[in-house]
Amino acid sequence: MKFNTISVIGLGYIGLPTAAIIASRGVDVIGVDVSQNAVDTINQGQIHIVEPDLDIVVRSAVQTGKLKATTTPKPADAFIIAVPTPLKEDRQPDLSYIEAAAKAIAPVLEKGNLVVLESTSPVGATEKLATWLAEARPDLTFPVNGAENADINLAYCPERVLPGHVLQELVANDRLVGGLTNECSQKAISLYEIFVSGDCHTTDARTAEMAKLTENSFRDVNIAFANELSIICDALQINVWELIKLSNLHPRVNVLNPGPGVGGHCIAVDPWFIVGSDPENARIIKTAREVNDSKPRYVVERVRKAAGRLKAPVIACLGLSFKADIDDLRESPAMEIVEALAESMVDQLLVVEPNIDALPESLEGKASKADLNEALSQADIILLLVDHKEFRQIPSERLRGRIIIDTRGVWG
Ligand code: SAJ
C-alpha cells in the first residue's frame, strides 16, 4: 500500500515524535490535536513537550511543509491514533479519548484507508474502535468479526518507546502489528516500514494489546519484587544493593532496582488494565501494583522516624521527577513523598530539582526550592529520591555527618 498522506491523531509524547519522524521520511503528515495551543506551537516549528532533540525534527518537518497540525481531521490514506487512555476513579480504563478520536475521523474516512491504534489499551479496544467507526459510517464496511476485504483496515500497534530516548527507539525498536484481519496486518506493516528499522511482527489485535500490557506489567512485578526485598532487608539490617549485586551474579537471576515507588503513567497504570479484565486471576499483577504504590508511604515513615530523633531538622529532598534526568513530575513517587512530608512536618524542607524552574503549586509555601550546594550545606537529613546525574556525582565527604536516606542506592 502506498501512503501519500498520513494523519496522526493526538500530538503528545508519542503522536508528535511519530508524526515528525514520518514527515522526515518525505510523507505528508497531518497532525491533529484538540489543543489549539499544541497545534499553534507545532505550526510555529516548536514543541509543547520535553523530549531530547524532538524540537529539531519538528522544526525541520514544519519548515519543509511536510508536517502540518490542525484541530480538525482531514482525509488521509492512514490514521494513527495516539491519544491518552487514563484510568477512571474505579481504576477501569477510560476509552473516551479513543471514542472521541473515532468520531472525529469517521466523517473523513474513505474506502481503502488504514486506521491504526497505538494508545495503550485493554484487550478488545481495537474491536471497539471498529464498532464505533462502523456506527458512524454505515456506508463503509469494517473488518468486524474477522470479515476480510473490508473498505477500511484496522490494526493495533503499541508504542514501546522509553521517554528520554523516544526518537532513537521509535525507529530502532521492533514493532508488534496486530491486524483485525491478515490484510489489515499487511497494510499496517507497510506503514511502519516507512520509518521503523526494527522488525515488524504480525499477530492478531488482541495479542498485540495484551503484549503491551504484559511488557509493562512484567516490569512492574519485577520492580515490586525489588521494592519488597528492600523493605525486608531494612528490617534485617542487610544492604539491599549489595544483596542484589551479589544475587545477580547468578546466571539466571536479574533483580531490578528498588526505589521510592514506581512513577510515570505507563508502568504504574497499565497493569490495572489487566486486573480490570480479569480481577480474580490477576493476583500477582494486582499485588505488585499495591506493593509499588505503598513504597512512598514507607519512605515517608522512615524520614519521620529519623526526623523524630532531631530537634527541628532541616531535610533536603533530592529530586522530584519520576525517574532520572527528566523533568516529568507525573505520577512521581518523589512528588508524593515530598508532598506528604510537607503536609505533616513543621521542619524545614529544601527541595533540589535541577530539571524544573519552580516548585509545583502543591508545594508552594510548604517547601523551598534550593540549589544543591545550599541544600547539602544546611541539611541534617539528606533524602535522595531521584538518581539525577547531579546527585550521582556528589562526593562522599559532602554527605558526612548527616542522616542519609538513599532510596535509589546511589551512594552505596
Ligand atoms: N523503576 C524502578 N526500578 C527499576 C526500573 C524502574 O523503581 O529497576 C521505576 C522508575 O524510577 C520509574 C518507573 O519505574 O519511576 C518507570 O520507569 P521506566 O524507565 O522503567 O519506564 P517508563 O515508564 O519511562 O517507560 C515504560 C517502558 N516500558 C518497559 O520498559 C517495559 C517503555 O518501553 C514503554 O514504552 C513505556 O513504559 C510506555 O509508554 O508504556
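View 1. The model is predicted: local features need pLDDT of at least 70 and side-chain atom pairs count only at pLDDT 80 or more, while totals for chains, interfaces and linings use all residues. Residues are numbered from 1 along each chain as its sequence is written, and side-chain values use heavy atoms, with hydrogens and water left out. Aspartate 94 is located in the loop between strand S4 (78-81) and helix H4 (96-105); helices (H or I, at least four residues) and strands (E, at least two) are DSSP runs, numbered from the N terminus.

**View 2. Contacts of aspartate 94.** Apart from neighbours within four places in sequence, aspartate 94 is in contact (heavy atoms within 4.5 Å) with Pro84, Thr85, Pro86 and Lys88. The C-alpha atoms of aspartate 94 and proline 122 lie 9.7 Å apart, although 28 residues separate the two in sequence.

**View 3. The largest nonpolar core.** A nonpolar core is a set of buried Ala, Val, Leu, Ile, Met, Phe, Trp, Tyr and Cys residues joined through side-chain atoms within 4.5 Å. The largest one has 42 residues, of which Ile6, Ile42, Val58, Leu67, Leu191 and Tyr192 touch the most other members. Helix H1 (residues 15-24) supplies its largest share, 6 residues. A second, separate core of 31 residues includes Leu95, Leu129, Leu133 and Ile152.

**View 4. Isoleucine 6.** Beyond its neighbours within four places in sequence, isoleucine 6 is in contact with residues including Ile22, Val27, Ala76, Leu191 and Ile194.

How values were computed:
Buried means under 20% relative accessible area, exposed over 50%, partly exposed in between (1.4 Å probe, protein chains only).
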